[in-house]
Amino acid sequence: MRSYALHQAFGTLTSVSSVATAIAFALALTSCTEKTGQTKKTVSDSTSAMKGMTMDAATRVDTNSVTLTAAQIEHGKIQWAPAALGQSSTSAVIPGTIIPNENRTARLSAPAEGRVVTVRVQPGDRVGRGQVLVSLVGPGAGSAQSDVSKAAAQVTAMRAQAGYARAARDRAERLLSLKAIPRQDYERAVADDESATASLSQALAEQRRAISSAEQLGAGASPTGEMVLRSPLSGVVLSRNAQPGAVVGAGTQLVSVTDPTSLWLQVNAPEKLASLFRIGGILHFTVPAYPADRFDARVTAVGAALDPDSRTLLVRATVLNGNQKLKPEMLASVAVESEGQTALPVVPEGAIQLLDGRPAVFIVKPNNVGGATFVRRAVEIGSRTGSTVAVTSGLAAGELVVTVGAYSVKAELQKRSMPAMEM
């Protein structure tokens with residue numbers, strides 16, 4: 001009996017111990033999981049902080065200036081000097097376009113509604129004055145030709161009537177002199193003669209109007225009323241929009257003819273260069289088709305106002321094109337230059353560097369340890385004289401500017417401006 005009681009007590013203690021052990025293991029596991037999560041969060045926060053520091057550092061990089069030590073300046077062979085003041089003319093190269101001379105260009109349109117019968121030319125064909133280009137048929141041309149025929153018949157009838165009236169008047173005048181008729185009959189013959197003369201004049205005027213209307217339609221010489229478009233000048237066919245069989249309305253452009261020996265050079269000049277253009281001035285230009293040739297044009301028109309959208313001034317010059325090398329719609333590079341001299345800062349050609357596609361120089365700010373800070377400055381350049389370049393904007397005379405080794409400064413600035421690599 002006693003042994004059974006001891007055995008029962010030992011079993012109970014063993015069960016309690018197992019439960020306690022399981023609870024302790026669960027608490028330890030939970031504690032480890034929380035510590036692991038806290039560790040991962042700490043690492044993540046640290047990484048994010050490092051990335052933020054890297055991005056902030058990259059954002060704070062100055063892309064407009066660079067500071068070099070005395071050793072770096074000596075190694076790059078960098079030299080600077082005050083920008084000198086020199087005499088230079090204002091000049092620039094601006095784009096232009098070769099266009100037809102509108103004073104020697106004819107754009108022929110359909111005079112009335114009709115159907116295109118024949119087109120006798122192609123673009124580029126040479127034509128003479130009066131040559132037939134396009135023929136059309138339409139009801140308007142038929143009516144015009146009918147009016148011409150009616151007017152001609154009326155003139156014939158009125159001319160015969162006027163002749164009869166004149167003869168009657170002459171006869172009455174002779175009889176009156178012989179006192180063979182009363183004066184009243186003579187006066188009636190005079191009135192009939194004057195009325196017939198007036199009617200003839202009216203018929204002739206109507207005939208001229210009918211012929212003019214028919215000629216405007218190009219149907220004056222065609223008995224069938226066919227409308228014919230003739231070239232009003234000698235030249236070349238610039239364009240052809242007419243197609244045989246097409247029905248076109250009045251005013252539809254069909255053919256363009258131009259005299260190629262005279263063209264226009266059209267330039268849209270920036271506002272700051274507007275003062276360089278005057279009527280009678282000479283413009284020099286080149287075209288990509290003939291890069292070794294220089295052409296001249298005389299300014300014949302200067303706009304009275306700037307274009308409000310582009311802020312440019314329309315300039316037009318006449319080009320003599322006797323050899324016909326130039327063609328309409330060619331692009332041109334036009335060189336313009338002022339007649340007087342202007343005092344402008346000048347720098348050596350090597351001082352000008354292209355940064356972000358724009359010319360720039362480096363302004364120098366020396367320090368007291370032999371080094372210097374170089375600040376880039378965007379400028380606008382003008383004419384070149386020898387090895388120097390005039391600066392029209394962005395630089396003042398006397399400012400310290402890099403004259404030798406500007407490319408080394410540019411390379412160092414670009415290297416320093418590169419964003420730092422993120423981890």
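The protein contains five helices and 24 strands, as seen in a predicted model. Of its 423 residues, 32% are buried.

The crossing of α3 past α4 is left-handed. The residues that form the contact of α3 with α4 comprise 21 nonpolar, five polar and ten charged residues.

The length of α3 was also examined. The buried residues of α3 are Ala141, Ala144, Gln145, Val148, Ala151, Val155, Met158, Ala162, Ala165, Ala168, Arg169 and Ala172. An α-helix has 3.6 residues a turn, so residues three or four places apart point the same way. The cover over the buried residues of α3 includes α4 and also β9, the strand of residues 227-230. Just after α3, lysine 179 adopts a positive phi of about 60 degrees.

Leucine 136 is located in strand β8, which is formed by residues 132-137. With a relative accessibility of 0%, leucine 136 counts as buried, because the limit for a buried residue is under 20%. When residues up to four places away in sequence are not counted, leucine 136 touches Ala110, Arg115, Val116, Val117, Glu226, Met227, Leu229, Val248 and Leu254. One of these residues, Leu229, is 93 residues from leucine 136 along the chain, yet the two C-alpha atoms are separated by 8.4 Å.

Several loop residues were considered next. Lysine 77 occupies the loop between α2 (70-75) and β2 (79-82). Although lysine 77 is not a glycine, its phi is positive, at about 55 degrees. The relative accessible area of lysine 77 is 64%, and this residue is therefore exposed, the threshold being over 50%.

A positive phi is also found at arginine 311, a residue other than glycine, where the value is near 55 degrees. Arginine 311 is placed in the loop between β15 (290-302) and β16 (312-320). Its relative accessibility is 41%, so arginine 311 counts as partly exposed. Lysine 272 belongs to the loop that runs between β13 (262-270) and β14 (282-287). This lysine has a relative accessibility of 59% and therefore counts as exposed. Lysine 272 and arginine 311 are 39 residues apart in sequence, while the distance between their C-alpha atoms is 9.5 Å.

Notes: Residues numbered from 1 in each chain as written. Predicted model: local features only at pLDDT ≥ 70, side-chain atom pairs only at ≥ 80, totals over all residues. Heavy atoms only, no water. Left-handed = near helix turned anticlockwise from the far one by under 90°. Helix = DSSP H or I, 4+ residues; strand = E, 2+ residues; numbered from the N terminus. Nonpolar A, V, L, I, M, F, W, Y, C, P; charged D, E, K, R; others polar. Buried < 20%, exposed > 50% of the residue type's maximum accessible area, 1.4 Å probe, protein only. Contact = heavy atoms within 4.5 Å.
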